[in-house]
Amino acid sequence: MKNWSIFKRNFVKPVDRESRKNPKLALCILGLLVLIFTAAISAAIGAITALLAPVEPPIISRVLDATGFNYTSNRSGYRLSRPVNILILGIDRVPKAAANSRNIFNGRSDTILLFHLDPRDKSISLLSIPRDTKVEIPGIRFSKINEANARGGAVLAARLVSTIANNATIERYVRVSSGAFRELVDLLDGVEVFVPRAMSYTDRAQKLSINLAQGWQTLNGEQAEQLARFRNDGLGDIGRIQRQQSLIQAIRNRLASPSVLVRLPQIVRLMQKYVDTNLNFEEILTIANFGLQLERDNFKMVMLPGRSSSSQGDLRSYWILDAAGRDRIMTQYFKQGAADFAQERIRNPSQPVSPANLKIAVQNASSNPKTAKTVASFLRKKGFDNVSVVKDWPDKQRQSQIIVQQGDLEAANLLQKAIGDGKIEASSTGEIESDLTLRVGEDWIKRF
């Protein structure tokens, strides 16, 4: 693996559980929360942390003014000195692990997220990796990537994610044990989420009972966990990833509320109990400051392109990587391999984006039931040959969205230019089989 010695050195020394009892490290956890949910936390945290004197780690540098003094108007006193990739692992419950032991982090990874923080354009990109992604690597005796943490901890998990992600360098990790999500949502007094369909499911083996109504509602911790875990919709893990991305957006919105400030001490204690990471104190503070300055449109989410090995997408199937789609995502979102990707486009001129090559799903989210068909006809006249009308979105939207389902921003820009409207949403929350989902809102009714 590329830069393996650096990688191993950074991963073999995780933050010790006892060291997180340090008051300074308690503030670190707040910054860690910003990373996990890319949330905006109070500027007051920065005022406190600017008084501290951290040791300079390799991914950050001091912010200095013209005289060479530390520039303390930057809340952490530090800034990201270069792009960095951080692996987030949501760990399944380990039945026999004591609540206060490190064994709680030894389970399979139910959630796998790779974050790319880039100070050059002040952006964060999130890659969701399906837990059923098939791994075919010599010496590995299991076939689904969610087994990696249970077999070899964060080191092995990051090694395999790096391999999948074109050998992207992963120097930092965060492991979150089960229970954190539910407690966090309850501490926030719930999160407002649109549930796209009624969900009812019982699994006695997993002690799981899900019962959610369709529509906008404020979910408590137990309900939010039900939404995140529901898989009985024929889409398996891929549908679950869509709901995870919706929940991440909802939690970001909730954390931006000033009313959350009074709960920060409780959130600190929660994260101390449930988080294991090799990010150090100064790095987390710097990431917190980076999150405070992040514009909403500079946070992008995408899912690892691929297909289910089963036509039904059942729970026994694998997620088979689409190498070409992966290469595109690593170029557009992670700025990796851009030169190689461009050369491939030159060698294969049939591959560049064109209207005829795109699979567009048109979904009505307006009050006029005929709008989707009208828009689909309009697109076909514009040269988009592969257009289908899918089931209406159950919530009405004022503004139309172009959802970048397969992560192709170039294609999204092409569609936006063709229709002269539509807000590009960099997430994987549209029609699963589409390249792009055009969710048509009320703003289109006056145009036709």
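Student: Before we start, what is a polar contact?
Tutor: A polar contact is a pair of N or O atoms within 3.5 Å. Keep in mind that this is a predicted model.

Student: Okay. What caps the N-terminal end of α10?
Tutor: D322 does. One of its side-chain oxygens lies 3.2 Å from the backbone nitrogen of A324.

Student: And is helix α10 itself enclosed or open?
Tutor: Largely enclosed by the rest of the structure, because seven of its ten residues are buried. Among them are G325, R326 and I329.

Student: New topic: R120. Where is it?
Tutor: R120 is in the loop between β4 and β5.

Student: Buried or exposed?
Tutor: R120 is exposed, with a relative accessible area of 60%.

Student: What does R120 touch?
Tutor: P83 and K335, leaving aside residues up to four places away in sequence. The side chain of R120 also makes a polar contact of 2.8 Å with that of D118.

Student: Now the rings. How many aromatic pairs are there?
Tutor: Three. In one of them, F194 and W216 have ring centres 5.6 Å apart and planes at 55°, so that pair is tilted. F194 is in strand β7 and W216 in strand β10, 22 residues apart.

Student: Is F194 buried or exposed?
Tutor: F194 counts as buried, at 12% relative accessibility.

Student: What about F378 and W444?
Tutor: They form an edge-to-face pair, 6.3 Å centre to centre, with 70° between the planes. F378 lies in helix α12 and W444 in the segment after β19, so the pair ties together parts 66 residues apart in sequence.

Student: Which residue lies over the face of W393?
Tutor: R439, at 3.8 Å from the ring centre. W393 also forms one aromatic cluster with F194 and W216.

Terms used. Residues are numbered from 1 along each chain as its sequence is written. This is a predicted model: local features need pLDDT of at least 70, side-chain atom pairs count only at pLDDT 80 or more; totals for chains, interfaces and linings use all residues. Side-chain values use heavy atoms; hydrogens and water are left out. Helices (H or I, at least four residues) and strands (E, at least two) are DSSP runs, numbered from the N terminus. Buried means under 20% relative accessible area, exposed over 50%, partly exposed in between (1.4 Å probe, protein chains only). Contact means heavy atoms within 4.5 Å. A polar contact is a pair of N or O atoms within 3.5 Å; within protein, one must be able to donate a hydrogen and the other to accept it, and residues adjacent in sequence count only if both atoms are side-chain atoms. Rings of Phe, Tyr and Trp (its six-membered ring) pair if their centres lie within 6.5 Å; planes under 30 degrees apart count as stacked, over 60 as edge-to-face and the rest as tilted. A charge sits over a ring if NZ of Lys or CZ of Arg is within 6 Å of the ring centre and within 35 degrees of the ring normal.
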